[in-house]
Amino acid sequence: MEAIAYSGDRANAQSRLEDVVRALPRASIVRSEPGYFAVEFHSLIFRFVDEAEFSFDDDKKLIHFRSGARTGYSDFGINRARMQKIAAAFASGSL
């Protein structure tokens, strides 16, 4: 997936994206600092942990990210679908 574009200042974009992530079920922001935050997502049944990291490039106005399962080899597309949902919610301004 492509990086997520944003406009305005980094602090506002980061706050908006953190709000989008917090609105997702079983999501926990485990680290947050200016220009970066990390998230853990827990699956409903088996409590598997997926991780995501977001890094803000204020010069290019892009949010770079990575997302993946902490263990195992396949997540059946769950992480990609989640990141697409996060990017769409951020772009539309809806939670």
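Me: What radius of gyration would a compact globule of 95 residues have, and what does the protein chain have?
Reply: The radius of gyration is taken over C-alpha atoms, and the globule rule is 2.2 Å times the number of residues to the power 0.38. For 95 residues the rule gives a value near 12 Å, and the protein chain has 13 Å, which agrees. Along the principal axes, the C-alpha atoms fill a box of roughly 40 × 25 × 20 Å. Please keep in mind that this is a predicted model, in which local features need pLDDT of at least 70 and side-chain atom pairs count only at pLDDT 80 or more, while totals for chains, interfaces and linings use all residues. Residues are numbered from 1 along each chain as its sequence is written, and side-chain values use heavy atoms, with hydrogens and water left out.

Me: Which pattern does the protein chain follow along the sequence?
Reply: Helices (H or I, at least four residues) and strands (E, at least two) are DSSP runs, numbered from the N terminus. Here there are 2 helices and 5 strands, and they follow the pattern β-α-β-β-β-β-α.

Me: How should I read burial, and what share of the residues in the protein chain is buried?
Reply: A residue is buried under 20% relative accessible area, exposed over 50% and partly exposed in between, with a 1.4 Å probe and protein chains only. By that criterion, buried residues make up 33% of the 95 residues.

Me: How many aromatic pairs does a search of the whole structure find?
Reply: A pair of aromatic rings is described by the distance of the centres and the angle of the planes. Rings of Phe, Tyr and Trp (its six-membered ring) pair if their centres lie within 6.5 Å, and planes under 30 degrees apart count as stacked, over 60 as edge-to-face and the rest as tilted. The search finds 4 such pairs. In one of them, the ring centres of tyrosine 6 and phenylalanine 56 are 6.0 Å apart and the planes stand at 65°, so the pair is edge-to-face. Tyrosine 6 lies in the loop between strand S1 (4–5) and helix H1 (10–22), whereas phenylalanine 56 is in strand S4 (residues 49–57), 50 residues apart. Tyrosine 6 is buried at 7% relative accessible area, and phenylalanine 56 is buried at 9%.

Me: Is the pair of phenylalanine 37 and phenylalanine 54 stacked or edge-to-face?
Reply: Their ring centres are 4.7 Å apart and their planes at 20°, so this pair is stacked. Phenylalanine 37 belongs to strand S3 (residues 36–42) and phenylalanine 54 to strand S4, so the pair ties together parts 17 residues apart in sequence. Both phenylalanine 37 and phenylalanine 54 are buried.
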